[in-house]
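Visitor: Could you put the structure up, and then we go through it piece by piece?

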Amino acid sequence: MVFTAVLSCFVNLLMLIVPLYTMQVYDRVMTSRSTDTLIMLAIVAVGGLMLYAVLDFIRTRVFLIMGDVIGRRLNVPTLEAAVIDTLHGTSKNSTQAIRDLNDLRSFVTGSAITVPLELMWVPLFLIVLFLLHTVYGWLALGAAAFLFLMSILTDVLTRRPLAQANEAAARSFSDIASTVRNAEVIEAMGMLPAVAKRWQRSQYHMIDLLNRGNSAAKALSAASRALRLILQIAMISAAAVLVIDREASPGSAMAAGILMGRMLQPFEQLIDGWRQWVFALSAFRRVRDLLNTAQSRRQSMPLPRPDGRLTIDRLVYLPPGVDRPVLKGISFSLEPGETLGIIGPSAAGKSTLARLLVGIWEPTAGGIYLDGHSTFLWERESFGVNVGYLPQNVSLLDGTIRENISRMKDASPADVVHAAKMADVHEMIGRLPFGYDTHVGDTAYSLSGGQRQRIGLARALFGNPRLLVLDEPNSNLDNAGEQALLTAIGKAKAARTTVVLIAHRPSVVAAVDKLLVLKDGLIDQFGARADVLKAMSAPPGARQVATAPNVARLVKTEQAS
Ligand SMILES: Nc1ncnc2c1ncn2[C@@H]1O[C@H](COP(=O)(O)OP(=O)(O)OP(=O)(O)O)[C@@H](O)[C@H]1O
């Protein structure tokens, strides 16, 4: 910015060439009738203007580089902040930040950003006008003050509606994204007219705000343009009077007209470009707020590969903005290579527990420890290579099957095939149009729910994780798929991977060592599978399996010892 300000000084100085040249031609060349002087003056003026072009180009390049730097420095931090923000559930429209960043870049490379730099050098033109004649100087000063007041009026009248319109546009974008995501449901149930009506209402509101801001801005811009021309005419008339009274030369009168026009131009540009400034400032604020608030609260030091000992100690989870905990003090532990099935009614908190186990959310109280280290605090990359997670709603990222299984890394084909074989999907992938290179994701080749789930399982198994958390991995599977899942769990267990499996259907829990029954955020039953199943089938009074408080005591004693 300092460099461009210095460059702008020279650019503005060189802008004096045309008025000075005009003055010299009128006052010197025309009176002396010397064509040699004219040629000399023309050569100097053209040379100066070429230098002007070069400096102006360099100034533009500096802004292009600035735009580039903004993109390069902030792209990844903004993406990371948007992801963290989404996980915290603090914002519903984190993707807007990426759009904001692109808008900021376009603003920096546009014309409105240079206006303050031009305004900075207005005093230079004023000094020259005062030097030509004090009347020119005072007139120009009055005109500048008048247009400055117009800019303030523009701000007062347009800033609020334009900023609100900008926010409304951001919300509207997020509405469209959600509509497009749910296209199938909307089409199948004829919801489009109702959805379109709702969206149209928000659009009308946005357009209304935009029109209000724009009409005021356009009216003020037209008024200021006319005003500038009127002020220029006032300047030329005053100059004519001075020439008639022989107080100024005709050349200086011409120069004063040109100088005044040039001096007032940035004010006009300021009023015209106000909208861009308002939008850029709100985009800047959103990006800044996101980068400031969405700070990762995790550790930055990578940790070594764990054995897979999992300890859950008095875990409580209260979602943000909710006053009733979903998990109300859960404690249990698993040794490396143990497999645990978690069952329980809907909304018992099973998926919440799964998300907490893999450190997506931060426990409100208590903790989850893998080999003694909090799974939430664990540095993400070193945690990720040791953990596999299959969420309830599997969605694959935009990319090939190979990229999806290898978690978007440039992995060796042998490792990808190994994970695919573990999940028993190697042959299924072989039957796809381009095998491992088949492009999948939201917009590409459509896989069935079961196929997606099995590729999601291969992705979770990739890299032989130490902890594997599978949230209802069989919800879309047929018998063959379920058999493959049981085999995969068996292989993971043989490789001493600790497995946590959430299930609705009891068929898959046949593969686990221990069983946990979760009810309303509390452990109802926990123990060896056979014991829990026996206790569940026994009448309520006769249950003898460890319950939550007992387990909590067990964990505490273990830690104390
Ligand atoms: N971020 C959140 N904000 C508010 N409530 C939440 C949040 N996450 C989970 N809940 C609530 O916690 C409860 C448990 O949800 P969870 O998804 O863990 O249940 P679940 O046992 O996996 O159910 P299902 O078997 O139907 O998948 C639900 O009542 C849900 O509304």
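**Loops, helices and a ligand shell**

Guide: Arg 496 sits in the loop between helix H18 (479-494) and strand E10 (498-502). Helices (H or I, at least four residues) and strands (E, at least two) are DSSP runs, numbered from the N terminus. This is a predicted model: local features need pLDDT of at least 70, side-chain atom pairs count only at pLDDT 80 or more, and totals for chains, interfaces and linings use all residues. Residues are numbered from 1 along each chain as its sequence is written.

Visitor: What is the phi of Arg 496?

Guide: About 60°, a positive value, although Arg 496 is not a glycine.

Visitor: Is Arg 496 buried, partly exposed or exposed?

Guide: Arg 496 counts as partly exposed, because 14 other C-beta atoms lie within 10 Å. The cut-offs are 20 or more other C-beta atoms within 10 Å for buried, 12 or fewer for exposed, and partly exposed in between, with C-beta atoms placed from the backbone.

Visitor: Zooming out, how many helices and strands does the protein have?

Guide: The protein has 20 helices and 12 strands. Its radius of gyration is 35 Å, well over the 24 Å that the globule rule gives for 561 residues, so the protein is more spread out than a compact globule. That radius is taken over C-alpha atoms, and the rule is 2.2 Å times the number of residues to the power 0.38.

Visitor: What box do the C-alpha atoms fill?

Guide: Roughly 115 × 55 × 50 Å, taken along the principal axes. Buried residues make up 35% of the 561 residues. Among contacts between residues at least 6 apart in sequence, 75% join residues at least 24 apart.

Visitor: Which domains is the protein divided into?

Guide: Domain 1 (75-293) and domain 2 (310-390 + 460-560). The bounds come from an automatic or database domain assignment. The C-alpha centres of domain 1 and domain 2 lie 55 Å apart.

Visitor: And what is in the stretch between helix H11 and strand E1?

Guide: Arg 298 is in that loop, between helix H11 (274-293) and strand E1 (310-317). Arg 298 is partly exposed, with 15 other C-beta atoms within 10 Å. Leaving out neighbours within four places in sequence, Arg 298 is in contact with Phe 376, Leu 377, Trp 378, Glu 379 and Arg 380.

Visitor: Helix H11 itself, then. Which residue is placed there?

Guide: Arg 285 is one of the residues in helix H11. Arg 285 is exposed, with 12 other C-beta atoms within 10 Å. Arg 285 and Asp 100 are 185 residues apart in sequence but 9.5 Å apart in space, C-alpha to C-alpha.

Visitor: Where does UniProt put the transmembrane region?

Guide: The unreviewed UniProt entry annotates residues 38-58, 107-132 and 138-157 as "transmembrane region". Such annotations may be inferred rather than shown by experiment. In the model, residues 38-58 are 100% helix and their end C-alpha atoms lie 30 Å apart. Residues 138-157 are 100% helix too, with end C-alpha atoms 29 Å apart.

Visitor: Last topic, the ligand. Which residues come nearest?

Guide: Of the 13 residues around the ligand, Pro 319, Ser 346, Lys 350, Ser 351 and Thr 352 come nearest. A residue is near if its C-beta atom, placed from the backbone, lies within 6 Å of the molecule.

Visitor: How does that shell split by class?

Guide: The shell has 5 nonpolar, 7 polar and 1 charged residues. Ala, Val, Leu, Ile, Met, Phe, Trp, Tyr, Cys and Pro count as nonpolar, Asp, Glu, Lys and Arg as charged, and the others, Gly among them, as polar.

Methods. Two residues are in contact if their C-beta atoms, placed from the backbone, lie within 7 Å.
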